[in-house]
Amino acid sequence: MVDHLELTFQYKQNLEKNIICHLAQVKRLEMRDTMNIYYRSRLSEQIEQGTYGIENLDYKYLVQDLLENEPELFV
């Protein structure tokens with residue numbers, strides 16, 4: 001049987017990977033730069049903490065949200 005905590009951890013890791021890859025593609029950024037941007041974002045904190053169930057949203061929507069609500073990360 002799969003442990004719920006392990007499954008949740010793997011789900012969040014997969015979500016973060018998808019967000020980072022999609023963000024790199026959309027903004028045409030190097031993976032290292034994209035990871036730096038993502039892990040400095042409020043979105044990253046919200047996903048880690050499970051705030052508002054945000055980790056259940058689609059990664060493409062979350063990338064769009066990041067672009068719209070945290071533009072200072074891309075300067």
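Modeller: The conversation below takes up some side chains, contacts and backbone angles in turn. Please keep in mind that this is a predicted model.

Colleague: Let us begin with the aromatics. How many aromatic pairs does the structure hold?

Modeller: The structure holds 1 aromatic pair. Tyr38 and Tyr39 form it, in an edge-to-face arrangement with 4.9 Å from centre to centre and 75° between the planes.

Colleague: And is Tyr38 buried or exposed?

Modeller: Tyr38 counts as buried, because its relative accessibility is 0% and the limit for that class is under 20%.

Colleague: Where is Tyr39 found?

Modeller: Tyr39 is in helix H2, which covers residues 31-40. Tyr39 also contributes to a nonpolar surface patch of about 290 Å², together with Met31 and Met35.

Colleague: Turning to charges over rings, what lies over the face of Phe74?

Modeller: That is Lys27, at 5.2 Å from the ring centre.

Colleague: Next, His22. What is its place, and what does His22 touch?

Modeller: His22 is in helix H1, residues 4-27. Leaving aside residues up to four places away in sequence, His22 touches Tyr59, Lys60 and Val63.

Colleague: Why is His22 classed as buried?

Modeller: His22 has a relative accessible area of 17%, and buried means under 20%, so His22 falls in that class.

Colleague: What about Glu70: buried or exposed?

Modeller: Glu70 counts as buried, with 5% relative accessibility. Glu70 is placed in the segment after helix H4 (59-69). Its contacts, not counting residues up to four places away in sequence, are Ser41, Arg42, Leu43 and Asp65.

Colleague: A change of topic, to the backbone. What is the phi of Arg28?

Modeller: Arg28 has a positive phi of about 55°, although Arg28 is not a glycine. Arg28 sits in the loop between H1 and H2. Since its relative accessibility is 74% and exposed means over 50%, Arg28 counts as exposed.

Colleague: And what is the phi of Tyr52?

Modeller: Phi of Tyr52 is near 60°, again a positive value in a residue other than glycine.

Colleague: Where does Tyr52 lie, and is Tyr52 buried or exposed?

Modeller: Tyr52 lies in the loop between helix H3 (42-49) and H4. With a relative accessible area of 79%, Tyr52 is exposed.

Technical notes:
Residues are numbered from 1 along each chain as its sequence is written. This is a predicted model: local features need pLDDT of at least 70, side-chain atom pairs count only at pLDDT 80 or more; totals for chains, interfaces and linings use all residues. Side-chain values use heavy atoms; hydrogens and water are left out. Helices (H or I, at least four residues) and strands (E, at least two) are DSSP runs, numbered from the N terminus. Buried means under 20% relative accessible area, exposed over 50%, partly exposed in between (1.4 Å probe, protein chains only). Contact means heavy atoms within 4.5 Å. Rings of Phe, Tyr and Trp (its six-membered ring) pair if their centres lie within 6.5 Å; planes under 30 degrees apart count as stacked, over 60 as edge-to-face and the rest as tilted. A charge sits over a ring if NZ of Lys or CZ of Arg is within 6 Å of the ring centre and within 35 degrees of the ring normal. Patches are made of residues with over 30% relative accessible area and no salt bridge: like charges are joined within 9 Å, nonpolar side chains (Val, Leu, Ile, Met, Phe, Trp, Tyr) within 5 Å. Accessible areas come from the Shrake-Rupley method with a 1.4 Å probe; for residues, only the protein chains shown count as cover. A salt bridge is a side-chain nitrogen of Lys or Arg within 4 Å of a carboxyl oxygen of Asp or Glu.
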